[in-house]
Amino acid sequence: MADVLDLGHGDDMVIDDEELGKDVLDQLKDGVKTRKGRGFAPGNASTRQVEMTFESISSAGDKEPPDTLAQKSVEGWILMVTGVHEEAHEDDVHSRFSEYGVIRNIHLNLDRRTGFLKGYALVEYEDFKEAQAAKLGLDGTELLGNTISVDWAFMKDKRKSGRSRKYK
């Protein structure tokens, strides 16, 4: 019977049991590193703490106030509008929100069974000031008989601060 040993040199070494004594074969096997798990990193992955630093998305053109909890998405500033009437159309929402600035995108989610709106809409602005003006101006107003509430779709976590996050 022949055993194959990985000695870490890139070449596999074939050892025949009959040529070498059993003690020499056991000594060679004991000298080989056993590697298990992901990455073959030293130490146990469950006890080892890995620190990774991630960068945040910078908002080059938009200077939002530091006290706001709004978070910019990759495309722009997205508002979550709830309480939208089930029979509202995209034109109804667009005409109401376009008073505050240029709208990049509107998403109205429909119910598959009924074909009516699910009761919320996502409105995206490119500029922070326009999105904030729409939020402040339209929160608590009526749209087709329903009172709508407008808030940021993405919010910063209050506990984390700074531009980089560290996970351990």
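View 1. Helices (H or I, at least four residues) and strands (E, at least two) are DSSP runs, numbered from the N terminus. In this predicted model, local features need pLDDT of at least 70 and side-chain atom pairs count only at pLDDT 80 or more, whereas totals for chains, interfaces and linings use all residues. Residues are numbered from 1 along each chain as its sequence is written, and side-chain values use heavy atoms, with hydrogens and water left out.

**View 2. Helix 3 has a buried face.** Phe128, Ala131, Ala134, Lys135 and Leu138 are the buried residues of helix 3 (buried: under 20% relative accessible area; exposed: over 50%; partly exposed: in between; 1.4 Å probe, protein chains only). These buried residues fall within an arc of 130 degrees when seen down the helix axis, so they line one face of helix 3; the arc is that of the directions from the helix axis to the C-beta atoms. They pack against strand 4, helix 2, strand 6 and strand 9. The face turned away from the buried side carries the exposed residues Lys129 and Leu136.

View 3. Strand 4 and strand 6 run antiparallel and are joined by six bridges, and leucine 79 has valine 123 in strand 6 as its bridge partner.

**View 4. Tyrosine 125 belongs to the largest nonpolar core.** A nonpolar core is a set of buried Ala, Val, Leu, Ile, Met, Phe, Trp, Tyr and Cys residues joined through side-chain atoms within 4.5 Å. Of the 23 residues in this core, Val81, Val84, Val93, Phe97, Val123 and Tyr125 touch the most other members. Strand 4 (77–82), helix 2 (90–97), strand 5 (103–110), strand 6 (117–125), helix 3 (128–138) and strand 9 (149–152) each supply at least two of its residues. Leaving aside neighbours within four places in sequence, tyrosine 125 is in contact (heavy atoms within 4.5 Å) with residues including Trp77, Leu79, Phe97, Ile103 and Ala131.

**View 5. Aspartate 111 lies in the loop between strand 5 and strand 6.** Aspartate 111 counts as partly exposed because its relative accessibility is 23%. Not counting residues up to four places away in sequence, aspartate 111 touches Phe116 and Lys118. Six bridges join the antiparallel strands 5 and 6, and leucine 108 has alanine 121 in strand 6 as its bridge partner. Six residues lie between the strands of this hairpin, in which glycine 115 takes a positive phi near 85 degrees.

**View 6. Leucine 144 has a positive phi although it is not a glycine.** Its phi is about 55 degrees. Leucine 144 is placed in the loop between strand 7 (142–143) and strand 8 (146–147).

Terms used: Pairing = 2+ DSSP bridges.
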